[in-house]
Structure formats: structure tokens, C-alpha cells
Amino acid sequence: MRWLACELHAHTLHSDGKMTLMELASAAAKLGFECVALTDHNTMSGLADKEAAERRTGIAILPGMEWTTFHGHMVTVGLAEYVDWREANTRNIHEGVSAVHARGGAAGLAHPFRIGSPACTGCYWEYEVDDWNDFDYIEAWSGTFAPIKTDNARAFSLWTDKLNEGYRLAATSGRDWHDAAETDEPISVTYLRLEDESRPIGEEAIEALRRGRVSVTIGPLVTLEAETAGARYGIGDVVPVGERAATVRIGIDFSVRQGLWTLDDPACRIRLSGNKGVWEESAIRETEGTQEFRMSVETEGLLWMRAELWGIVRGVTTMIAFTNAIYFD
Amino acid sequence: MLIDIQANATPEDSRTHVRFPFKLNEPACAIGIHFEYSPKRLDDDSRARELLEQSFEQYVLPERLALAKERTDRYLPLQNLITLSVDDPDGYRGACHRHDPVQSLWISEHDASPGLMKGKIAAGEWTITLSLHAIVTERCAYRLQVWAADEEERGERP
Ligand SMILES: [Zn+2]
Ligand SMILES: [Zn+2]
């Protein structure tokens with residue numbers, strides 16, 4: 001098992017990006033990523049350079065495409081085959097999602113609350129969704145310094161609302177990376193938990209995304225585990241009915257991507273939250289190595305729980321990281 | 001020329017696709033495409049602000065509306081956006097989703113403009129699709145020219 005540092009939303013000059021795939025992969029490697037999804041607008045022609053870029057940079061490249069439609073942008077990853085984005089209308093997006101799934105891909109809402117047409121054409125999600133379980137993920141954090149942005153707060157709330165309604169879907173980050181220019185702003189990383197390292201990274205990464213084995217951060221990697229009398233469960237897993245109590249273990253790994261992020265105040269707080277609200281909040285004193293927190297949780301009435309790391313970044317009190325959910329039947 | 005059309009789009013055409021099929025009677029070495037539209041920008045400042053205000057009502061939370069209006073300038077100038085995609089007799093050959101209002105594109109067996117997929121230029125029914133994402137000016141004139149070439153090298157428009 002290991003956590004793979006991914007950038008899940010990036011463009012090249014095959015659409016309106018400024019980089020070649022090689023430049024994108026090199027820039028990603030410098031930022032401590034191990035994997036990038038190529039999600040050009042409405043084309044997959046950039047994949048012609050995939051193997052060469054992977055060999056040169058050591059970055060795993062996930063094939064993908066951003067459906068850049070009139071009524072919303074939808075990121076699709078893990079499929080090498082094209083699905084026609086031009087048939088989409090506000091009523092039939094599930095057909096598109098099914099076609100993506102049939103080709104082995106995962107589908108997520110891209111920046112669902114970014115202002116739409118005519119400022120940014122189709123950027124605001126206007127598709128009718130009948131079943132949220134049909135989607136694999138919501139891109140909750142879009143762009144750089146994502147957690148402080150209003151549009152992202154709305155996307156994050158949408159995700160939380162859907163979890164509260166009993167749906168099970170992942171939340172990710174995506175820079176929507178177009179430009180080669182460096183930025184001073186904090187960069188989000190979506191970590192995907194690979195269970196079977198003997199399988200190709202790309203396949204395992206998509207499996208992780210579909211199953212919600214996901215942790216998102218602009219700094220340290222936060223992990224979450226629940227242990228019951230019967231077994232241990234990780235992020236994305238479902239704890240079966242009948243397990244009355246669980247010991248929850250939260251890990252905060254400060255050693256990831258060393259030197260590529262900073263917290264201007266080491267005083268962080270870790271929070272365990274779920275459909276019944278926030279349980280517990282603890283202050284973190286040490287910001288080195290991996291810090292661990294344990295707590296006991298009654299699972300009665302529980303649908304899901306996640307861990308959140310809060311602190312001060314660039315003078316702003318903000319969420320720094322969140323895990324995806326552990327679910328309860 | 002396989003296609004040579006000039007037409008106008010209006011704001012009502014926003015969020016629609018216009019398809020231009022053409023027939024290739026025999027396989028070719030390459031296909032050249034020239035596509036342009038004008039104007040690109042909406043220069044009428046008050047109209048642009050009016051359009052943005054309407055979109056804020058739709059996309060911005062009521063409590064953020066005042067702030068969004070204050071920051072209207074960040075979205076200016078408003079622009080028309082038309083993108084082009086190509087289908088060959090067997091399926092999709094890519095799209096050129098970018099803001100350039102003048103695009104000279106090329107697709108052949110061994111080479112293609114960014115966004116398009118190189119490969120055989122087979123005989124049969126091809127289609128150029130123009131996707132009118134947003135038309136913000138009263139009128140937007142566009143021109144599409146498509147021709148077959150018997151050489152792989154990118155040539156001038158005939
Ligand atoms: Zn987008
Ligand atoms: Zn994008």
C-alpha cells in the first residue's frame with residue numbers, strides 16, 4: 001500500500017494550455033507529483049507523447065479529457081478511448097458518465113461553481129443529476145490556494161451535502177493547470193491510495209479514485225483508519241452494520257513533498273467530522289514526522305466520517321487538508 | 001474546396017453546434033482547414049457589464065453578489081468563443097479548443113495540428129463541427145474552408 005501524489009486536472013497546447021506534455025510532466029515532477037492526469041479540453045491527441053514523457057520524467061500520466069460542454073465541465077480520466085461530449089444536454093449527462101465507465105474511466109464534476117458563460121463558457125455545472133452515486137468524484141478544490149476560494153467552498157459543501165444524503169462519492173483537487181509560469185500560491189495534491197502495487201499504477205490510481213481512497217492537501221498528508229472488533233477499514237471503505245464502536249486513528253505525515261510547502265504557523269488542529277457533526281478537535285504540537293491521534297467513536301447513526309486539518313496559511317485560517325470518507329452501512 | 005462557407009452567428013446561436021459534412025471521394029494525403037471568426041471581443045462596455053450582471057444573478061450566491069459586481073472588470077473583455085472539431089468516416093479526430101479567432105489547421109497521416117489526431121485520411125463522409133460556446137456580439141461572422149491536399153506537407157490555402 002502507498003499514497004500516490006497526483007495532479008488530476010491539467011492542459012497542454014493540444015487545447016488551450018501553454019505546455020507540451022513533456023513540459024507539463026517535468027513541471028509536475030519538480031513539484032513533487034508522481035502522477036498527472038492529462039485532461040485537455042475535448043481532445044486526447046496529446047496522449048501521443050505519453051510514453052516518451054513518462055520515460056523522460058518518471059511521472060505516470062493518466063489518460064483523460066475534460067468534457068468542455070455548454071452546460072458544465074466534466075473531468076474524465078483513466079480511459080484511452082474517446083466518448084463524444086457533443087451529445088450532452090442538461091438532461092442526459094448520465095448517459096455520458098455511463099459511456100465513460102464502460103470504457104474503464106472515472107468521471108467527476110470539474111470546478112462546479114466557477115462562474116459560467118459568457119465569462120467562462122460552460123464552467124458552472126448546470127447538468128441535472130439524478131443519481132450522485134453515478135459520479136466518481138467532485139473536484140472540490142480547483143486552482144491554486146484552493147481552500148480559501150468561495151467557489152471551492154461551495155463545491156466542498158455540495159460534497160458534504162451529498163455524503164449526508166447517503167451518497168458515496170470522492171472529492172479531489174485539480175489545479176486546472178494551463179500555464180508553465182511558477183506560482184507562489186499553495187498547490188493542492190490529491191493523494192490516491194494504491195492497494196496493489198503489482199498492478200500498473202494507472203489502473204490502481206483509477207481504482208483508488210473510483211473507490212474514494214483519496215486524501216487532499218496543500219501540505220501534510222492526512223490519513224484515517226477505523227478499527228472495529230472485526231477488522232480495519234481505510235479511507236473509502238465501508239464499515240458493515242453491526243459494528244457498534246470503532247477506534248479511529250488519524251495520521252498526519254509532515255514528511256511528504258519536503259520543502260515544497262510551508263505552514264506559517266505550526267499550530268494546527270485536527271478534526272474528525274461526519275454526518276453527526278464535528279466530534280473532536282485536537283491541537284497538534286509537533287509538525288515533524290508522522291503525528292498520530294486516536295479516539296473512540298460510537299457508530300450508531302453514522303453514515304460517514306472524515307478527518308480535516310485546519311491551520312493558518314499565508315495569514316488565513318483555513319482547511320489545509322481533508323481525507324475522503326470512511327462509510328458506515 | 002470541399003467546404004467554403006461564410007455565415008453569421010448571433011447570441012441566440014450560443015450553446016449550439018453547427019455541422020458541416022463533406023464527402024471525400026478518394027483517400028487524400030492531408031486535409032487543410034482554415035477557420036476564422038470576427039469580431040472576437042465585445043467592445044460595447046455597457047452591454048458587456050449588462051451580460052455579466054445577468055450571469056452573476058445566475059451563478060453567484062446572493063450574499064456574494066455585491067462583491068462580484070465590484071469585481072466585474074476581471075471578466076472583461078467578454079469574448080466570442082467558437083471551437084472546431086473533426087470527425088472522419090470512422091469517428092472523432094479531435095478538437096481545437098482554444099481562443100484564437102483565426103486557425104489554420106492541418107491533418108494528415110503523419111502529422112496534425114495540436115488537438116487533432118494524425119492518421120489515414122480515408123474516403124467517405126467527414127464532418128467539421130463548429131461549437132458556438134458563446135456569441136456575445138450582436139453578430140459574429142465566421143468563415144470555414146476545407147480542402148484536400150495531395151502532399152503531406154502543409155500547403156497554402158488554394
Ligand atoms: Zn474547465
Ligand atoms: Zn480545465
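User: What makes Lys120(B) count as buried or exposed?

Analyst: The model is predicted, and its values are computed. The relative accessible area of Lys120(B) is 60%. The class "exposed" requires over 50%, so Lys120(B) is called exposed.

User: What makes the pair of Glu109(B) and Lys120(B) a salt bridge?

Analyst: The closest N and O atoms of Glu109(B) and Lys120(B) are 3.1 Å apart. The limit between a Lys or Arg side-chain nitrogen and a carboxyl oxygen is 4 Å, so the pair qualifies. Glu109(B) and Lys120(B) both lie in the loop between β6 and β7 of chain B, 11 residues apart. Glu109(B) has a relative accessible area of 34%; this falls between 20% and 50%, so Glu109(B) is called partly exposed.

User: How do you know how Thr144(A) is classed, and which side chain does it join in a polar contact?

Analyst: The relative accessible area of Thr144(A) is 15%. That value is under 20%, so Thr144(A) is buried. Thr144(A) lies in the loop between β7 and α4 of chain A. Its side chain and that of Glu185(A) are joined by a polar contact of 2.7 Å, within the 3.5 Å limit. Beyond its neighbours within four places in sequence, Thr144(A) touches several residues, including Lys149(A), Arg175(A) and Ile187(A).

User: What makes Arg86(A) and Asp87(B) a salt bridge, and how many are counted between chain B and chain A?

Analyst: The side chains of Arg86(A) and Asp87(B) come to 2.7 Å, N to O. The limit is 4 Å, so this is a salt bridge. The count between chain B and chain A is 2 salt bridges, alongside 19 residue pairs in polar contact. Chain B and chain A bury about 2600 Å² between them, 60% of it on carbon and sulfur atoms. Arg15(B), Tyr59(B) and His97(B) supply 29% of the area that chain B buries against chain A.

User: How is the contact between domain 1 and domain 2 of chain A described, and how many salt bridges are counted there?

Analyst: The domain assignment gives domain 1 (2-216) and domain 2 (220-328) in chain A. The contact takes 32 residues from domain 1 and 28 residues from domain 2. About 2400 Å² is buried between the two domains, 59% of it on carbon and sulfur atoms. In domain 1, Leu163(A), Arg168(A) and Tyr191(A) lose the most area to domain 2. The count of salt bridges between these domains is 0, while 10 residue pairs are in polar contact. On the domain 1 side, α4(A) gives the most, with 5 residues.

Terms used: Residues numbered from 1 in each chain as written. Chains lettered and ligands numbered in written order. Predicted model: local features only at pLDDT ≥ 70, side-chain atom pairs only at ≥ 80, totals over all residues. Heavy atoms only, no water. Domains from an automatic or database assignment. Contact = heavy atoms within 4.5 Å. Buried area = accessible area lost by both parts, 1.4 Å probe. Polar contact = N/O pair within 3.5 Å; in protein donor to acceptor, adjacent residues only side chain to side chain. Helix = DSSP H or I, 4+ residues; strand = E, 2+ residues; numbered from the N terminus. Buried < 20%, exposed > 50% of the residue type's maximum accessible area, 1.4 Å probe, protein only.
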